[in-house]
Amino acid sequence: MGDCPKDTQESTEISGSKGEANFVWRCKACKRESTASIKDAPKAYTQASPPTRQIIIEIDCRGLEFTEFQAEGEWIAKGLESSTRFSAVDLQEGEWFDYDEKSSEEVSIKDVKWEIRRA
């Protein structure tokens with residue numbers, strides 16, 4: 001299993017190198033080391049109508065390829081009309097619903113889709 005810091009600012013040393021990466025994985029069979037580094041800080045999704053495809057994060061992969069993204073952990077959202085901050089947003093099911101007391105309206109994130117592609 002690889003060494004993956006919980007904070008995107010943390011990094012791990014790459015063995016036999018002066019470099020660092022956010023994720024370092026070593027194959028038990030061949031001992032080859034693969035790395036992934038976050039190129040820039042993750043960007044907030046900007047709401048658009050109709051919804052648009054946007055780049056949220058770019059990762060430089062060496063010796064490995066990500067095939068799936070799982071939205072685990074807590075996300076943060078902000079109300080469009082009221083700027084109310086919602087923390088602990090769970091997107092694992094691809095949608096989220098809550099109530100914004102400032103605007104007296106239901107708020108939601110729906111139809112979430114993730115795409116991993118080569119740059």
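Student: What counts as a disulfide here, and how many are there?
Tutor: A disulfide is a pair of cysteine sulfur atoms within 2.5 Å. This is a predicted model, where local features need pLDDT of at least 70, side-chain atom pairs count only at pLDDT 80 or more, and totals for chains, interfaces and linings use all residues. Residues are numbered from 1 along each chain as its sequence is written, and side-chain values use heavy atoms, with hydrogens and water left out. By the sulfur rule, the number of disulfides is 0.

Student: What is the strand order in the open sheet of 3 strands?
Tutor: Strands are DSSP runs of E, at least two residues, numbered from the N terminus. Two strands pair if DSSP finds at least two bridges between them. Strand 3 and strand 4 (residues 33–38) run antiparallel, joined by 4 bridges. The pairing in the sheet is antiparallel, and the order is 3-4-5.

Student: Which strands stand at the edges?
Tutor: Each edge strand has a single partner strand, so one side is left without a neighbour in the sheet. These are strand 3 (23–26) and strand 5 (59–62).

Student: Which residue in strand 4 stands opposite Trp25?
Tutor: Strand 4 covers residues 33–38. Opposite Trp25 stands Ser34.

Student: Is Cys61 buried, partly exposed or exposed?
Tutor: Buried means under 20% relative accessible area, exposed over 50%, partly exposed in between (1.4 Å probe, protein chains only). Cys61 has 27%, so Cys61 is partly exposed.
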